[in-house]
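Thanks for making the time this morning. I'd like to walk through one model, starting with the sheet and the helices on it and then turning to the aromatic rings.

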Amino acid sequence: MSSMVTPQHAQELSTGARELGIDLSPAQHEQLLAYLALLIKWNKAYNLTAVRNPDEMVSRHLLDSLSVVPFIEGTRWIDVGSGGGMPGIPVAILFPQCQVALLDSNGKKTRFQTQVKLELKLDNLEVIHSRAESYQPEVPFDGIISRAFSSLEDFTGWTRHMGDVNTRWLAMKGLHPDDELVALPSDFHLDSAHALTVPGCQGQRHLLILRRTA
């Protein structure tokens, strides 16, 4: 374990994952902590995340990302505006059978993501340095996810071309965004909304699942 990651971090991850109903294998636990260590190290120079305190990162980054695990279906996912790699990297660690793409227009952030891919040997992870509007996938994704990336209107508008009627759009939010739902483009509808409880996180967390209307 890296010196930046403490036994308390390891314990908090184990306990939090259990509270979320997630059974982490020893290898997955180790990989998530290795990712945390890289995040702490690179964050000092690269400002990857607004959370500066390593003691807050387990709950606010790792467990927050893991809270969407029950909603991951299908095998091809893209994390749009991935930043420091959340939730895409934890999803890739938990679902080695899935192909997970991380998309970000910030070169520093995609360099960090590439480093994580190499060091953690995540063969199922693809890093894409591009703006969402410019990226053209060869086939539609099963799932398109974003965490506090933009308004629902922008999220769906910028990624519409990446999916089809079978795709699920997962938007991770804090407060339930009633005002944003009103502004949802007419070809999208709210499929379901879920209040998430993230161990160690104060404040509300919501997951909104959107779909294209045929």
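**Sheet, helices and rings**

Helix 5 lies across strand 2 (99–104) and strand 3, running at about 165° to strand 3. Helices (H or I, at least four residues) and strands (E, at least two) are DSSP runs, numbered from the N terminus. Axes are lines fitted to C-alpha atoms, for helices over the stretch in contact, and angles run from 0 to 180 degrees between N-to-C directions.

This is a predicted model: local features need pLDDT of at least 70, side-chain atom pairs count only at pLDDT 80 or more, and totals for chains, interfaces and linings use all residues. Residues are numbered from 1 along each chain as its sequence is written, and side-chain values use heavy atoms, with hydrogens and water left out.

Seven strands make an open sheet in the order 3-2-1-4-5-7-6, with mixed pairing; two strands pair if DSSP finds at least two bridges between them. Strand 3 (125–129) and strand 6 are at the edges with a single partner strand each, so one side of each has no neighbour in the sheet. From one strand to the next, the twist averages 20°.

Within the sheet, strand 5 and strand 7 (residues 205–212) pair in the antiparallel sense over six bridges. Met 172 stands opposite Leu 207 in strand 7. Helix 3 (residues 54–66) packs on the sheet and touches strand 4 (143–147), strand 5 and strand 7; contact means heavy atoms within 4.5 Å. The direction of helix 3 makes about 155° with that of strand 4.

On to the rings. How many aromatic pairs does the structure hold? There are five aromatic pairs. Rings of Phe, Tyr and Trp (its six-membered ring) pair if their centres lie within 6.5 Å; planes under 30 degrees apart count as stacked, over 60 as edge-to-face and the rest as tilted.

Trp 42 and Phe 112 form a tilted pair, 5.4 Å centre to centre with 55° between the planes. Trp 42 is in helix 2 (residues 26–46) and Phe 112 in helix 5 (residues 107–119), 70 residues apart. Both Trp 42 and Phe 112 are buried, meaning under 20% relative accessible area, with exposed over 50% and partly exposed in between (1.4 Å probe, protein chains only). Tyr 35, Trp 42, Tyr 46 and Phe 112 form one aromatic cluster.
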